[in-house]
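Hi everyone, thanks for coming. I'd like to walk you through one model today, strand by strand and then ring by ring. Have a look at it first.

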Amino acid sequence: MLSLRSPIGLGAALSASLAASLLSVSPVQAQTAGAPSGNEWPGGVDGSSKPAACNSFALGSQIFSGSFACIAGDKIYSSFSLIQDTGNKLASSIFQFTINGTNHTLAAIGDFTPGTYEYGYTMTIFDALNSGQRLESAATSATSSNIGTSIPAWTKTLDVSTNDEDLFITTSQAGGPLTTTDGPKTFGVAVQPVSADFISKLVVANLPNNAVQGITDTVTQKFDDGESVPGPLPILGAAAAFGFSRKLRSRIKQTV
C-alpha cells in the first residue's frame, strides 16, 4: 500500500512502474464500524476517539456511503455528502488522500465531462488542544488533458466555512494551460480554525471534447517556529489520469 507520506507526482505522466505499484495497493476499507454520527468528536479536538487511518485511495461510492470517515496524519475527514453529480461521475471516481509536508490534499480523479459536480465534507484536527495545530490556508485546482481554442472551459470553486470565517476560492479556465490553481487563501491569524466545512464544486461547460480529469482541494496547517514551507503539491498528470483511474477503479472493485 502506498504511504500517505509518499504522494503520487500528479504533475507528470504516470510511469509504467509507478502505475504498476499503484495498481497493487489494497482497497480502501470504508470506515463504517464506529463511524461518527452527529458530533461524537466535539470539534475533533479532545482526542477522545478517532476513525481508522485513510488508505491512499477510495472509490466515490465508498466516500459517499453516508458512514465513511478516516484520519490522514492528524486530519479527520468526515461528513461526506454528494450534492450534485452529473452522470454519477463523482460516485464512480477515485478519491486520493495525500500529505506533502504540511499540505493535506483531497483529490478526485475521473472523467468529468460537461455538467456540475459538487460535494461537501468536514476536516478536523485530531487532538488540536494538545498539538496546538490549526488550519492556516486553503487552495483549489483542476486539470484537463484536452486543450483547444475554447477548451478546457470550466470553473472550480471551494467554499470553506468555520465558526468564525469563510473563505471562497475560485479558479476557471477557457482555453490555455491544462492546470490552473487559486490560493492559498489564508484564515485570519486570530481565527485560525481547528475544524472547517468544505463545499467543493466543479462546473464543466457544455462544449465538444471538454472534460476535466482531476480536481484537488489542499489545506495547509499552520507552521510552528522552525518549520519550512514545503513546495506546492503538483496536480494530476492528466494525460495518463483517465486510463489509469479506470484500471485502479477496476482493481479496487475486484478486491472489495
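Let me start with a term: buried means under 20% relative accessible area, exposed means over 50%, and partly exposed is in between, with a 1.4 Å probe and protein chains only. What you see is a predicted model, where local features need pLDDT of at least 70, side-chain atom pairs count only at pLDDT 80 or more, and totals for chains, interfaces and linings use all residues. Residues are numbered from 1 along each chain as its sequence is written, and side-chain values use heavy atoms, with hydrogens and water left out.

One more piece of bookkeeping: helices (H or I, at least four residues) and strands (E, at least two) are DSSP runs, numbered from the N terminus.

Now, the sheet. There is an open sheet of six strands, in the order E2-E3-E6-E11-E8-E9, with antiparallel pairing; two strands pair if DSSP finds at least two bridges between them. Its edge strands are E2 (70-72) and E9 (166-174), each pairing on one side only. The twist averages 25° from one strand to the next, where axes are lines fitted to C-alpha atoms, for helices over the stretch in contact, and angles run from 0 to 180 degrees between N-to-C directions.

Please find E6, residues 115-125. How many of its residues are buried? The count is 11 of the 11, so E6 is largely enclosed by the rest of the structure. As a reminder, in a regular strand the side chains alternate between the two faces of the sheet. Here Gly115, Tyr117, Tyr119, Tyr121, Met123 and Ile125 point one way, while Thr116, Glu118, Gly120, Thr122 and Thr124 point the other way, and all are buried.

What holds E6 on either side? Strand E3 (residues 75-85) is joined to E6 by eight bridges, running antiparallel, and there Lys75 stands opposite Ile125. Strand E11 (residues 195-204) is joined to E6 by 10 bridges, again antiparallel; Thr122 has Asp197 as its bridge partner in E11. Further out, E2 and E3 pair in the antiparallel sense over three bridges, with Ile71 opposite Ile76.

Let's move on to the rings. A search of the whole structure finds 12 aromatic pairs. The rule is that rings of Phe, Tyr and Trp (its six-membered ring) pair if their centres lie within 6.5 Å; planes under 30 degrees apart count as stacked, over 60 as edge-to-face and the rest as tilted. Phe80 and Tyr121 have ring centres 5.6 Å apart and planes at 20°, so this pair is stacked. Phe80 lies in strand E3 and Tyr121 in strand E6, so the pair ties together parts that are 41 residues apart in sequence. Phe80 counts as buried at 9% relative accessibility, and Tyr121 counts as buried at 4%. Tyr119 and Tyr121 form a stacked pair too, at 6.0 Å centre to centre and 25° between the planes. Ring pairs link Phe64, Phe68, Tyr77, Phe80, Phe95, Phe97, Tyr119, Tyr121 and Phe198 into a cluster.

Next, the backbone. Most residues other than glycine have a negative phi, and most peptide bonds are trans. Which residues go against that here? Ser79, in strand E3, has a positive phi near 55° and is partly exposed at 48% relative accessibility. Asn88 has a positive phi of about 55°; it sits in the loop between E3 and strand E4 (94-100), and at 51% relative accessibility it counts as exposed. The peptide bond from Ile151 to Pro152 is cis, with omega near 0°, and Pro152 lies in the loop between strand E7 (135-143) and strand E8 (153-161).

Last topic: charges. The structure holds three salt bridges, each a side-chain nitrogen of Lys or Arg within 4 Å of a carboxyl oxygen of Asp or Glu. Asp74 and Lys75 meet in one of them at 2.5 Å, N to O, and Lys75 is buried at 1% relative accessibility. Asp217 and Lys156 form another, with the closest N and O atoms 3.0 Å apart. Asp217 lies in strand E12 (residues 212-221) and Lys156 in strand E8, so this pair ties together parts that are 61 residues apart in sequence. Both Asp217 and Lys156 are buried. Lys185 and Asp182 also meet in a salt bridge, at 3.8 Å, N to O, and Lys185 is partly exposed, with a relative accessible area of 33%.

That's my tour, and I'm happy to take questions!
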